[in-house]
Amino acid sequence: MAFEPKIIGFLCNWCSYTGADLAGVSRIKSAPNVRVIRTMCSGRVDPSFILKAFQIGADGVIVMGCHLGDCHYQEGNYKTIRRIPFLKRLVKGFGIDPRRLRLEWVSASEGDRFARIVNEFTEEIRSLGPLKLQVHTELRKTIHEPVEVV
Amino acid sequence: MVTLKIDDKQVQVPEDTSILKAAEKAGIWIPTLCYSELFEPYGVCRLCVVEAVRGKRSRVVTSCNYPVREGINVLTNSPKIQWIRKTILELMLARWPNVKVVKDLARDVGVEKPRFVSLQRDEAEDACILCGKCVSVCREVVQANVLGFAYRGIKREIALPFGVQSEACIVCGACAHVCPTGHIKMVVEDYKGKKPEFTLGPKTAIYVPTLQAVPRVPVIDADSCIHFKTGGCEYCAKVCEPNAINFGMKDEVEEIEVGQILVATGFDIFDASAMAQYGYGTLDNVYSSLEFEMMLNSTGPTNGQVLTKDGREPRSVAIVHCIGSRDTNHHSYCSRVCCMYALKYAHLVHDRTKASIYQFYIDMRAFGKGYEEFYVRILDKGVKVIRGKVAEVVEAPPAQKDEGSLVVRCEDTLAGKLLEIPVDMVVLCNAIEARRDSDAVRRLFSISKSPDGFFLERHPKLDPTSTMTDGVYIAGCAQGPKDIPDVVAQASSAAARMLSFISKGEVEIDPVRAFVQEEYCSGCKICNSLCPYTAIEFLAEKKVSHVNEALCKGCGTCVAACPSSAMTGHGFTDAQILAELDGIMV
């Protein structure tokens, strides 16, 4: 069977998630490989989520947020833009090609851009091949104890 | 107060009034060529001479600058005065035989042919008669001091300093305005833009913006006002009785605290000069929809008459739909309102002129209540409705000039024929587009735009008036092109929405909020500076951070940054997201 990349996408609620929604509503075809997790802001994407995604078997991770200056929360995406380059260096140390991690800006009106980026990134990961990360089987699932919500 | 008699008529005027003004008050006409209320009398034309009789003494004086005296009797038309005036006008007529004001005055006093021959005869109809009004107005009103007299005697003339155009001249046109013969003209040279003879903007520097303006008071256009260029003029302040004109007013920035905002910033119209094939801005009698609307307005520049630039009634008018809309090179959307206002134009042109009317459309979208019926009515009036987008508008070749000054080239797609229609006037139905500063506005309110550039609503069907930002609503063409009934409906809905919050007195907020698990918080304060809403404070006693839930918007930036996972977000806890991650990897 041909290699189908598993990609995790962290999409901000206001721009990218709406943009992805628009792509769907506009019937724009895009690769089905990106599995979307909605966060309120791209600034909510904890670096540990990305590492965890790679750990449990993602071949690529894409974080999408509002264009700079368009953030619904004023400056959340500026926090993200500082975190991702740092993470790229970090994942390199784990033996993960930094190209497997990407940060993109997609606004609520850019359904076509969303589809283009998704297709492009899927193709890139496909050409990079599966991520063969040596991970202890015990770690192949999320290990955080659920935090009690008060 | 001074009491005097003018031609045996008793007049009472304040001191320091000139005889000319006193006579004006008494309803007695004294001829003059150089006098104006705008500036100090110059007394150069000598036509306003009168006889001032005091007792047995009589003096001939110029009435424009001779103040009234108690008890004098002024004779404005005595045989002596008549003789003097006649002589002056004979001299003037000898020098400027074709100037209308001189000819008219001469005829009024009974001079048909002068007895004299002038050495400096000027046959021109608009010759300069050296009245000096332009010099006075430039010196005293405009205060630019650009014009002056040069030379003496019969060589005397109005001149610019050193005979060259002065940099001090602000091109206000006051000299041309006061010139009684039309010798001074405002000429536009080397102007590449739209020809300005048919200006649709305000004609003066102080004007009432529109008849419907609220408050309906005049405003000063500081860019055109003489006062703001030279410090002079202030004529409007002189004539304003309640002294309401204040040149010292400055733009002010006011801060007003509000709970909700309705963004109704409207639209721009597509600039048709971007489509050179339609000749907008280069050909005469090619109008944009708003310009034509202005022409049709009864308070507009033509008082509602449909006129070509040379003041004739057009023999035929072409109305061209979809300029910049439904066009992949410009805006792919339909502008919605154009079809109907184009039909309205046809209706009004048909009512006011005998012109034959052509409509060039792609698809006729008579979509609203009563609109289709109106379309049928227009068809019944004999308006020629042609389906096909106009290819170009060009100046008519000489052979076709008799039928129209312009030629519209188009394909009639229903008949499958190429058409060349001569017309006198072309009206372009420009697309409605997002305002040019809409990006800055939407950043200000942190709202999004749709691909067409208009503001994005929260949901196109279920929530078309509110935005992703709580408390910010949109209405009207800022959200997308729409006609008046739709705008009214949307704006009313937005207003009702806002009122419901006001009457409720409280707002519901999203449950997505960050909170601190105090037992895990080490008090590192990393989160404190991250929050764009300053919702996180540090409790010095407990040495932990605390989230103010009313200020928190739930973005989660602090949650992602917390090194000890003490910060958690309702609805988006680490555990929830990791569980999600676990689930979708299967």
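Between chain A and chain B there are three salt bridges in this predicted model. Side chains of opposite charge can pair when their charged atoms come close. One salt bridge joins B:Arg442 to A:Asp70, with 3.4 Å between the closest N and O atoms. Polar contacts also cross the boundary: 11 residue pairs of chain A and chain B are found in polar contact, both residues at pLDDT 80 or more.

Which parts of chain A supply at least two residues each to the side that touches chain B? They are strand 1 (7–12), strand 2 (34–39), helix 2 (47–55) and helix 3 (76–93). Strand 2 gives the most, with five residues. Sorted by kind, the residues on this side of chain A are 21 nonpolar, 11 polar and 12 charged.

The contact as a whole draws 44 residues from chain A and 37 residues from chain B. The size of an interface is often given as the accessible area lost when the parts come together. For chain A and chain B that area is about 3600 Å², and 64% of it is on carbon and sulfur atoms.

Chain B brings helix 15 (residues 574–584) into the picture. The buried residues in helix 15 of chain B are B:Asp574, B:Ala575, B:Ile577, B:Leu578 and B:Leu581. Viewed down the axis of helix 15 of chain B, these residues fall within an arc of 165 degrees, so they line one face of the helix. An α-helix has 3.6 residues a turn, so residues three or four places apart point the same way. What covers the buried residues of helix 15 of chain B? The cover includes strand 1, strand 2 and helix 2 of chain A, along with helix 14 (557–561) of chain B.

Helix 8 of chain B can be read in the same manner. Its buried residues are B:Ser289, B:Glu291, B:Phe292, B:Met295 and B:Leu296. These residues cover an arc of only 160 degrees around the axis, which puts them on the same side of helix 8 of chain B. Among the elements that cover them are strand 11, strand 12 (286–288), helix 9 (338–352) and strand 19 of chain B.

Now consider salt bridges over the whole structure, where a search of all chains finds 39. In one of them, the side chains of B:Arg435 and B:Asp268 meet at 3.8 Å, N to O. B:Arg435 lies in the loop between strand 20 (432–434) and helix 11 (438–444) of chain B, and B:Asp268 lies in strand 11 (residues 267–269) of chain B, so the pair ties together parts that are 167 residues apart in sequence. Are these two residues buried or partly exposed? B:Arg435 counts as partly exposed because its relative accessibility is 28%, and B:Asp268 counts as buried because its relative accessibility is 10%.

A salt bridge also forms between the side chains of B:Asp424 and B:Arg312, at 4.0 Å from N to O. This pair links distant parts of the chain, 112 residues apart. B:Asp424 is in the loop between strand 18 (417–423) and strand 19 (425–430) of chain B, while B:Arg312 is in the loop between helix 8 (289–296) and strand 13 (316–323) of chain B. With a relative accessibility of 0%, B:Asp424 counts as buried. B:Arg312 has a relative accessible area of 34%, so it is partly exposed.

In chain A, salt bridges link A:Arg102, A:Glu104, A:Glu110, A:Arg113, A:Glu120 and A:Glu124 in a network. Within it, A:Glu110 and A:Arg113 form a salt bridge whose closest N and O atoms are 3.6 Å apart.

Two single residues remain. A:Cys71 sits in the loop between strand 3 (60–65) and helix 3 of chain A, and counts as buried because its relative accessibility is 3%. Leaving aside residues up to four places away in sequence, A:Cys71 touches A:Cys41, A:Cys66, A:Gly76, A:Asn77 and B:Ser446. B:Ser36 is in the loop between helix 1 (19–26) and strand 3 (49–54) of chain B. With a relative accessible area of 14%, B:Ser36 is buried, and its side chain reaches the backbone nitrogen of B:Leu38 at 3.1 Å.

Definitions and conventions
Residues are numbered from 1 along each chain as its sequence is written. Chains are lettered from A and ligands numbered from 1 in the order in which they are written. This is a predicted model: local features need pLDDT of at least 70, side-chain atom pairs count only at pLDDT 80 or more; totals for chains, interfaces and linings use all residues. Side-chain values use heavy atoms; hydrogens and water are left out. Contact means heavy atoms within 4.5 Å. Buried area is the accessible area (1.4 Å probe) that two parts lose on being put together, summed over both. A polar contact is a pair of N or O atoms within 3.5 Å; within protein, one must be able to donate a hydrogen and the other to accept it, and residues adjacent in sequence count only if both atoms are side-chain atoms. Helices (H or I, at least four residues) and strands (E, at least two) are DSSP runs, numbered from the N terminus. Ala, Val, Leu, Ile, Met, Phe, Trp, Tyr, Cys and Pro count as nonpolar, Asp, Glu, Lys and Arg as charged, and the others, Gly among them, as polar. Buried means under 20% relative accessible area, exposed over 50%, partly exposed in between (1.4 Å probe, protein chains only). The arc is that of the directions from the helix axis to the C-beta atoms.
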